[in-house]
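Subject: Structure for your study

Dear colleague,

Please find below the structure that I am handing over to you. My findings follow directly after it, and I would ask you to read them with the structure open.

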Amino acid sequence: MAMGIALVLASCASMKKDTLTVQERFSRYDLNDDGKISLAEYSEAATRIIFATFDENDDGSVTLAEWQGLEGKESDKLFVEHDPNEDGKITLKEALATTKKKKSFSQEFPGIDANHDGSVVLAEAEAYAAKVRAEMKKK
């Protein structure tokens, strides 16, 4: 949704308890198991992970109340953007479609893809995670 995916790779990214290593997180994103993550894989996996965080009761949809629990009421407009059929809930299918349409993660990806070859390998993910952790410690 709206939260930064960089944090998912880095450390306590999702709001749920996250004790996975960078390598384990990398595997979640590498959907075709080829040892690298494309922008499409990154976007899909990030959306799925964030969706699971928002879907507090694991019923397969995010209600406005669940959304507000993480995003606050000030982002209700964003909720509506993710709920194109206006039924008051966001399904994973809607979230994936919105992410794809809005190219939601395309600005973050180049910062992780250090050599700008269009894919992220584990070493790049580890370096980026270390960078984000260091930045978080400064705050």
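A125 sits in helix α8. The model is a predicted one, and every value in this message is computed from it. Is A125 buried or exposed? With a relative accessible area of 0%, A125 is buried, because a residue counts as buried when that area is under 20%. Leaving aside residues up to four places away in sequence, A125 touches V22, F26 and V120. Q23 lies 102 residues from A125 along the chain, yet the C-alpha atoms of A125 and Q23 are separated by 8.3 Å.

The helix around A125 deserves a description of its own. Helix α8 is made up of 17 residues and reaches 25 Å from its first C-alpha to its last, close to the 24 Å expected at 1.5 Å a residue. Its buried residues are E124, A125, Y128, A129 and V132. These cover an arc of only 130° around the axis, which puts them on the same side of α8. On the face of α8 turned away from its buried side are the exposed residues A123, K137 and K138.

I turn next to the chain as a whole. The protein chain contains 8 helices and 4 strands. Read from the N terminus, the order of these elements is α-α-β-α-β-α-α-β-α-α-β-α. The chain has 139 residues, of which buried residues make up 40%. Among contacts with a separation of 6 or more, 54% are between residues 24 or more positions apart. The chain exposes about 7900 Å², and carbon and sulfur atoms supply 54% of that area.

The next topic is the nonpolar core. The largest nonpolar core has 24 residues, and the members that touch the most other members are Y29, I37, Y42, V62, W67, I90 and V120. Helices α2 (22–29), α3 (39–54), α7 (109–112) and α8 (122–138) each supply at least two residues of this core. Which helix gives the largest share? That helix is α3, with 7 residues.

Helix α3 has 16 residues, and the distance from its first C-alpha to its last is 22 Å, close to the 22 Å expected at 1.5 Å a residue. The buried residues of α3 are E41, Y42, S43, A45, A46, T47, I49, I50, F51, T53 and F54.

A pair of aromatic rings is described by the distance of the centres and the angle of the planes. A search of the whole structure finds 5 aromatic pairs. One of them joins W67 and F79 in an edge-to-face arrangement, with 5.7 Å from centre to centre and 70° between the planes. W67 belongs to helix α4 (residues 64–71) and F79 to helix α5 (residues 76–82), so this pair ties together parts that are 12 residues apart in sequence. W67 counts as buried, at 0% relative accessibility, and F79 also counts as buried, at 5%.

An aromatic cluster is formed by Y29, Y42, F105 and F109. Where is F105 placed? F105 is in the loop between α6 (92–102) and α7. Although it is in a loop, F105 is buried, with a relative accessible area of 2%. F105 and T47 are 58 residues apart in sequence, while their C-alpha atoms are 9.1 Å apart in space.

Most residues other than glycine have a negative phi, and most peptide bonds are trans. D58 has a phi near 55°, a positive value in a residue other than glycine. D58 is found in the loop between α3 and β2 (61–63), and with a relative accessible area of 57% D58 is exposed. For H116, phi is likewise positive and near 55°. H116 is placed in the loop between α7 and β4 (119–121), and at 56% relative accessibility H116 counts as exposed.

Yours sincerely

Technical notes: Residues are numbered from 1 along each chain as its sequence is written. This is a predicted model: local features need pLDDT of at least 70, side-chain atom pairs count only at pLDDT 80 or more; totals for chains, interfaces and linings use all residues. Side-chain values use heavy atoms; hydrogens and water are left out. Rings of Phe, Tyr and Trp (its six-membered ring) pair if their centres lie within 6.5 Å; planes under 30 degrees apart count as stacked, over 60 as edge-to-face and the rest as tilted. Buried means under 20% relative accessible area, exposed over 50%, partly exposed in between (1.4 Å probe, protein chains only). A nonpolar core is a set of buried Ala, Val, Leu, Ile, Met, Phe, Trp, Tyr and Cys residues joined through side-chain atoms within 4.5 Å. Contact means heavy atoms within 4.5 Å. Accessible areas come from the Shrake-Rupley method with a 1.4 Å probe; for residues, only the protein chains shown count as cover. The expected span of a helix is 1.5 Å times one less than its number of residues. The arc is that of the directions from the helix axis to the C-beta atoms.
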